[in-house]
Amino acid sequence: MNDAITRRDALLGAAATAGSLLLAGGNARAQARPTELRIGITTFLSGAASVFGVPARQAAELLFEEINKAGGIAGLPVRAYFVDEAPGTDHLVGEYRRLVQNEGVYVVFASISSGSCLACTPLSDEMRKTTLLWDCGTQRIFEEGKHPYAFRTQGYGTPEVLAPLLYLLKHKPDFRTLAVINQDYAWGRDSWELWKAAMDALKPGVRVVAEMFPRFGAPDYSTEVTRLLAARPDVILSTSWGGDLVTLVRQASERRLFERSTFVLPVAEASMQVLGRTMPAGHVIGARGDHWNNHPQPKDPARLAKFVDAYRAKYNEYPIYPCHHMAQAISALQAGLGRAIQAKGGGWPNDLELANAFRGLTFDTPTSSITLREDGQGLEDQIVGLSSFNDRFPFAVPRDMIMFPAAMVSTPVGQKSVDWLKTLKPEMLAQVPAPIAG
Amino acid sequence: MSGDRDAPAAAPAHVQVHAQGPAGVTLAREGALALLAAAAAILVAWAVPWLKFVLTLALAKGIAVLGILLLLRAGQVSFGHAMFLATGAYTVAFVAPRIEEVLLLLPLAMLLATLLGLAVGLFVVRYRDIFFGMLNLALSMVLYSLLEKLYDYTKGTDGIRVAALRFAGTVPGRETQEWLMFGLALLLAIGFGLLVRAYLGSPMGRALAGIKTRETRLEFMGISARRVLLFAYVLSALMGGAAGALVAMTSRHVTPQLAYWTSSGELVFIAILGGAGSALGPFLGAAGFELVRVYAAAAVAEAWQLILGSVLLLVILFAPGGIWGMLSGRLRGRGA
Amino acid sequence: MADWLADNTLLLGLALLDGLAYAALVFMVAVGLNLVFGVLRIVNVAHGSLFAIGAYSAASLGLAFASAGLPPWAGYAALVLAAALVGAVLGPLVERLVLRRIYGQEEVLQLLVTFALFMILEDVQKLIWGVQPVSQDLPMKLLGTVDVPFGDDVIPFTIYQLFVLPGVALATLIGLAWFLRRTLTGRVIVAVTTDKEAAMAMGIDAARVTLLTFTFGAALAALGGALASPTTSLVPGIGAQTIVLSFAVVATAGLGQIEGAALTSLLIGLGRSVAVYFAPEFEVVVPYIIMVAVLLVRPQGLFGVLETRRV
Amino acid sequence: MSASGRPGDEAVDRPRQGTAPLLSARGLRLAFGGVKAADGIDLDVMPGEFLAIIGPNGAGKTTFINMTTGYLRPQAGSISYDGQPILGLSPRAIVARGIGRSFQLPQLFTEHTVLENAALAIAARAGLWSPLAPLLRPAWRTEAMAVLDRFGLAPLAGQRADALNEGARKLADIAMAVALQPRLLLMDEPTSGVAAAEKMGVVETLVRVLREAKVTAVFVEHDMEVVERFADRVAVWSQGRIAALGPPATVLKDPAVLRDVIGIEPPTGPPAGLPARESGHA
């Protein structure tokens, strides 16, 4: 009976996808213009990281709705296939194959988790499928290999750590001791390695009084907070995010740790709404990019306002940075596909032609514009500031913002981040732009 | 007053997870069914390329579940068996940069998992029931934590990408490689299936089943129940290692998630879904599990767990013999 | 060693205080699981989901109370009320509709049924409360902090974590011990735990006892969640992490032993906080190492009784 | 099934003075809480003899078997078998020396067939280590069938053990012990559960099988008729001590034994062929 089920499934699957299979077969060959633009999107829909994944999915649905109302992308209606990253890598790589081979997607938006990205990117090489890395931050992707079909449409770990460090060095240049409390997984570890390398180069002699990597999703940090209270570091770095960061900030602020030490929270933006007034003012906060709700000089204020308002109207909350990253990937796709079609004189680009169109592509975001370098890495500006409250928002937003140009804080093409960070000189601080009041 | 464990009357037949014996489906039928299933798998893999990948993983997991099945025969549930799968997988990931040859990596992964199985087994076979289950769980969580914590070696939760592999010295193209992995998994599945089948019918295997109902009697017959269980445990670890190696070579990426307790739960899930009555059960279960998961995830990406859980609940409540139980019941009904 | 102790006495003292609060939370969850196991002989994997749902419900109810303009102390009532509600609704529902159908079946089926429930409830809870962190920390904030001297310095601890959590856990322990030993219902539960066949032969209504115990255990899990909710942010996945720790406690404690659960929770709580201070890399494995070590020496658990089968 | 003299009377030598005992227990003591299950047991079992143990429930009869087979360890005393001390050995090691036992509550592999139960016993004796050859290989199947046949269980060979009635389970339990080919067999109430009408036939078969195999037997028994007909000697257990020991003809006529041991047996047979037992607890 199971055989029957299996066969039936197989036949159903085969029948349903016979068309797309033929298309998926030859990637470099000419491909017919499809009737709809299928996009596979991997994101967290369950587990702790769904606090990022679900808002991003909501943003995608919102934008695709708008796009389809306005006639689609390149005249094609968009159809998204969402895939949950949470069940694990072995499941995800299977899903990636399904998206490409069975659903016949034209492009894949891959992954929040760095682990997922590291697994999907080589698949994009193998299957020759254009893949936009829409949120993951690991610097290893483009520094450890070439991936002709993969492009990251936002910044990554190195600028996202270096910018807050530079901000700290400007804001509180005389700190002598530092403690780190990061989530125990790749981002937590990698970001600390990056920070440490840069800090030792830019301000040698800072004493690290505690290195703590509580487990991802730990429900309680009171022990860690006690230890930090006892150690009294000048600065506490935490690249934690999501529920972990919310818990840490709550427990730390309740016990007045924020009064003893200056916090640097590079991924704070996504948790500010949840924390509301609990977030203490005057600490360094980052957004993994420049998309703050109070961006001092957005490139297209109307577009930013429209996106934020539409998202709020539909979901009753402000969009957080993964929403912006999703929007960036969609903008990149619009621009890249348009460029590829133009290059082909109006013809439908095949997979290789599509991928080539992304190299060196510049596309606009509501706040700025992003250029994809020749290695596939996007250059996104970083804005860091001090947490503060104003009348416009019921949660903390940055003040005294410094906008770091992407090129300044990103590792040059062909170098490895840690090696590059070690070569930084304290003189670099002189180039840091002045804070923008507001 | 009575310490006797069995009910005075015969237990209702449907309650039994395992039901093998002369009354079961004959060897010929089981063999025919296995051939049919293998043929169906090949057909599906050929017709729907991405399912080839899913089926390869299903076959690999089925091999690990064969190990769970052995322990279930002894009435023991290991809620930490994913540790052997993870051992096999990480062996491949660690060694692949140095030795690219699949035909060397696979036995190496099996060897290491077997050694771990022996070390852990010597300890856990002294315990039964919840203690056995929970000790396995605890040890697998220790492995999970180590894989996560020893970031410098394991890259933490990001996991390790498995480098390019060679098959008997050659580096085939992607399509061929997928077929090779599928074929290898199928071959191992058949091999281990036959091995387990023979083992379960052997004196050792029947003594293993005796642990479930009358462990004291074994001792009073001069048989060391611990040794019998240890043998099964080590064999199951070996198969877990083989499964892990296959998973790593197929998905080409390993993460600590492979060792998390929910992964072990999945293996037990598959064992029950497929039915513990036959060596074919794990593979039926694994195929069913992977397909349900894939289709549930495709249909409702945010509630696939709910669907899987409901399927499991329904199977336990209404078909505790699993897919195999339903199949063999039907076959027997037809035969009568 | 002596030098090290002298250098770190103060820190060890802090670790002790931290460990207490943590142990209290672990105990609240584990004791319910242990009780249920004692009577039903089922390791309830869904116990973690009950913890999570209790936590979410408490936070929701607390927020509802706050927005309804009730005085702040109503937040404490919300914690208890939510736990009771979750226990009273979900407990009987799960026991009657699902567990009852599998009593007497193979252990693996019983275990897996609760695993299935766990998977279902994980998604249900996501469908109800969404994925953004939910928190309601009024009950913790209301009490404020107390300064604990630390050399020349002081370390603020929240009163909620330093006194309320261990206090509730201690009260639960004493109350449970009294209930199980001094009341008729309690003694019946103990009788069923010790020897189910004998208890049934004596005419005890096992169906009623299991229903009662499971509901009670569910309420304890929910109470554990409710108590934890003011100190943490609730996100999907908290159930999975809680339950696996409780498993370790139950196996280490000895089946059905509440004092064992208390002692084990304390060991794990202290072990963990000492690890955070002095060997953070081992923090996660501490509970399992304690469990393995205890079972090596006492295969039946700390307080477990060796069962010799009559032949 | 009338009494016609003891079967095998002539076939077996009576235990003789001067022969070394096969099993020898000295000063065994074991108390559970306040209950003394063994309070100084001294007993010699001679090669070839059939020794019956009688006594009220809770007197420590099963405890004696459990101590002898390594399941319980006495707090004091010694046991030797064939001149070698066996105290402290595991049940497994004791079985390996040739001491077999059957159980008051049949210890069968309930999910195995009766045939497999017997075959497993043969495998346990002949060597378990053949992980790929089937248990029911022709040689073992034949031998298992032969064992079952002797106990009249051959027609039930294909049934699952948990499908048997109490009497058949009891016989299967003994058959497994016999299949191990012990030199000394300890049987705990071999006839309890066997229907009254079949009891004598069963015991006759059993005794014949054991005599043929030259097995020494110790059995706990409540049925005085069985004891009288088949035991060479009777040991009367009372509160963890041996109250009387000797040939049935003398011991069973002892007024004290009649009053304390036999007198409390209900005069009529209990329902459903179950042996009479008190509700007393050890």
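Me: Where in chain C of this predicted model does C:Ala261 lie?
Reply: C:Ala261 is part of helix H11 of chain C, residues 258-278.

Me: Why is C:Ala261 called buried?
Reply: The cut-off for buried is 20 or more other C-beta atoms within 10 Å. C:Ala261 has 31, so the residue is buried.

Me: Which residues does C:Ala261 touch, not counting those up to four places away in sequence?
Reply: They are C:Phe27, C:Ala30, C:Val31, C:Asn34, C:Val249 and C:Ala253. Contact here requires C-beta atoms within 7 Å.

Me: What makes E12(A) and E13(A) a pair?
Reply: At least two bridges between the strands are needed. Strand E12 (residues 369-372) and E13 of chain A have two, in the antiparallel sense, so they pair. A:Leu372 stands opposite A:Gly378 of E13(A).

Me: Why are E11 and E13 of chain A called edge strands?
Reply: The open sheet has three strands in the order E11-E12-E13 of chain A, with antiparallel pairing. Strand E11 (362-364) and strand E13 (378-379) each pair on one side only.

Me: How many residues of chain A are in contact with chain C?
Reply: On chain A there are 29, in contact with 34 residues of chain C. Helices H2 (50-69), H8 (222-231) and H9 (242-254) of chain A each supply at least two residues of this side. The side of chain A that touches chain C divides into 10 nonpolar, 11 polar and eight charged residues.

Me: What does UniProt place at residues 37-378 of chain A?
Reply: An unreviewed UniProt entry gives "domain: Leucine-binding protein" there. In the model this span is 47% helix and 15% strand, and its end C-alpha atoms lie 23 Å apart.

Terms used: Residues numbered from 1 in each chain as written. Chains lettered and ligands numbered in written order. Predicted model: local features only at pLDDT ≥ 70, side-chain atom pairs only at ≥ 80, totals over all residues. UniProt positions renumbered as here; feature names shortened; annotations may be inferred. Helix = DSSP H or I, 4+ residues; strand = E, 2+ residues; numbered from the N terminus. Contact = placed C-beta atoms within 7 Å. Nonpolar A, V, L, I, M, F, W, Y, C, P; charged D, E, K, R; others polar. Buried ≥ 20, exposed ≤ 12 C-beta atoms within 10 Å, placed from the backbone.
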